[in-house]
Amino acid sequence: MITAESLPDDVATLKALVLAGHAAQLAAEANARNLEAEVRARTLLIEQMKFTIAKLKHEQHGQSSERASVLEQLELELADLEEDASEAEAAAELAAERAKAAKINVQPFERRRPARRPLPEHLPRERIVHPAPTNCGCCGGDRLRKIGEDVTETLELVPQQWKVIQHVREKFSCRACEAISQPPAPFHPITRGRAGPRLLAHILFAKYGLHLPLNRQSTTYAHEGVTLDVSTLADWVGAAAATLMPLVEAIKAHVLAGERIHADDTTVPVLAKGKTRTGRVWTYVRDDRPFAGHAPPAAMFFYSLDRSGTHPEAHLATYAGPMQADAYAGFNRLYEASRKPGPITEVGCWAHARRKLFEIARLKKAPIAIEAIKQIDALFAIEREINGLPQHERKAARHARSRPLVDELHTFLRERRAKLSGKSETAKAIDYSLKRWDVFTRFIDDGRLCFTNNAAERELRAVAVGRKNWTFAGSDEGGSRAAAIYTLIQTARLNGIDPQAWLADVLARLPDHPAGSIADLLPWNWKQAAVQAAA
């Protein structure tokens with residue numbers, strides 16, 4: 001503490017002290033301002049990136065694979081930026097504390113913190129009661145009574161628990177006839193191995209739902225004190241997939257019974273003699289929710305060696321009805337009038353049509369493409385409003401509101417196309433729509449049809465994300481097995497249930513479940529039974 005007696009009497013020395021103090025204050029203020037400016041800059045960058053991520057998450061019309069990769073990269077960058085901002089904010093707070101100690105009034109900048117979600121109610125609570133004082137801190141008396149309590153909750157992680165379940169079957173001998181009796185051996189989820197249903201479900205979901213290859217799972221388990229070789233895990237996955245195959249077939253039958261389906265495919269690298277070749281994973285989705293249908297949604301997946309049109313012909317051999325897809329030529333034989341059991345009706349995807357024009361509008365700023373995008377976006381706005389309405393209401397709204405806009409867009413595209421060279425990119429993008437105009441406009445007269453094929457593209461995203469982690473499928477059999485498990489996991493997700501919990505219960509019940517009652521174990525029936533049991 002500075003007192004009058006501690007100050008020197010020499011004027012020059014006093015001036016030097018004042019100047020030194022002023023310089024220290026300026027330096028501290030400058031340091032605090034610099035840290036504050038850094039925090040503000042980082043905060044602004046975080047808010048901009050959050051906006052971009054939110055925009056990408058809600059964007060429905062961009063190319064899904066490109067959008068996913070950009071989104072994932074931005075989310076990684078956002079995490080780093082938030083860590084940097086927190087560090088800078090802490091440094092600014094420390095600088096403010098130091099300035100406060102030096103009696104310099106510098107107001108620290110406070111970054112807007114993310115909203116805290118309440119901790120999940122379903123988690124168990126462990127109470128730790130801190131010792132209360134036995135004497136009053138004011139008067140020292142010991143006559144204290146409880147008037148309430150404050151509870152602060154902290155989320156904590158308890159490592160997963162491993163255990164060995166022993167199935168004991170006692171033997172009894174009859175004293176009269178000496179016959180030995182014993183209860184029958186319990187059914188196991190798989191014919192070989194000593195894995196329980198919950199462990200098998202965890203391995204399957206980690207591999208195909210969380211995209212963790214078996215070698216990473218094996219390493220994780222070893223750190224937890226349980227040694228499971230990759231070969232053992234692979235054996236369990238193959239056996240579990242075979243056990244679950246009746247459910248896969250039941251889901252496929254449900255999809256093929258739909259009034260309308262979505263179809264799409266994506267590439268899958270497959271290991272072959274020291275190199276990789278390109279296989280395909282196909283998905284066909286039934287989702288009647290956009291037209292208020294009561295049938296539960298489902299997705300079936302197939303694997304093939306290549307992209308030959310013979311594969312979708314085999315997949316859809318029993319289906320006849322509308323199919324929303326891109327303009328893949330391999331589907332053409334499905335649309336033939338002579339096809340048995342009947343022709344599939346081709347329905348176009350406006351997201352594909354818009355995408356081709358959007359790229360030109362974004363890269364070349366072409367006025368024709370920009371105007372076409374505006375008109376297509378008006379149609380998208382109508383579709384968002386009528387999504388989930390009954391099909392007759394969707395049809396009426398499309399006749400009244402969408403048809404005039406579609407006719408106007410058709411006229412605009414034809415007039416502009418007539419003035420363009422056939423070699424221009426804009427002309428090619430317009431031709432993609434004009435040459436298939438009947439296919440693109442079928443949605444107007446049928447309320448069951450969707451405006452886009454995004455339902456199929458969303459399901460294939462699981463394959464695209466997994467492809468980045470497991471790099472390639474080990475064999476064609478591995479590709480087929482992955483398609484089967486994707487069918488189960490994605491269908492469970494579409495029905496709003498936890499795939500891992502469902503798989504664990506199904507694997508426990510399948511061995512002695514009646515073959516004629518497999519439908520009871522399908523995700524939507526399982527969910528309904530679980531709700532009724534809880535009630």
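**Exercise 1.** Determine whether Trp162 and Tyr221 are buried, partly exposed or exposed, and classify the pair of their rings.

*Solution.* At 28% relative accessibility, Trp162 counts as partly exposed, given that buried means under 20% relative accessible area, exposed over 50% and partly exposed in between (1.4 Å probe, protein chains only). Tyr221, at 2%, is buried. This is a predicted model, in which local features need pLDDT of at least 70 and side-chain atom pairs count only at pLDDT 80 or more, while totals for chains, interfaces and linings use all residues. Residues are numbered from 1 along each chain as its sequence is written, and side-chain values use heavy atoms, with hydrogens and water left out.

Next, apply the ring rule: rings of Phe, Tyr and Trp (its six-membered ring) pair if their centres lie within 6.5 Å, and planes under 30 degrees apart count as stacked, over 60 as edge-to-face and the rest as tilted. The count by this rule comes to 14 aromatic pairs. In one of them, Trp162 and Tyr221 stand 5.2 Å centre to centre with 80° between the planes, which makes the pair edge-to-face.

**Exercise 2.** Classify the pair formed by Trp350 and Phe451, and find the aromatic cluster that holds both residues.

*Solution.* The ring centres of Trp350 and Phe451 are 5.4 Å apart and their planes lie at 5°, so the pair is stacked. Both Trp350 and Phe451 are buried. One aromatic cluster is formed by Trp350, Phe380, Tyr432, Trp437, Phe440, Phe443 and Phe451.
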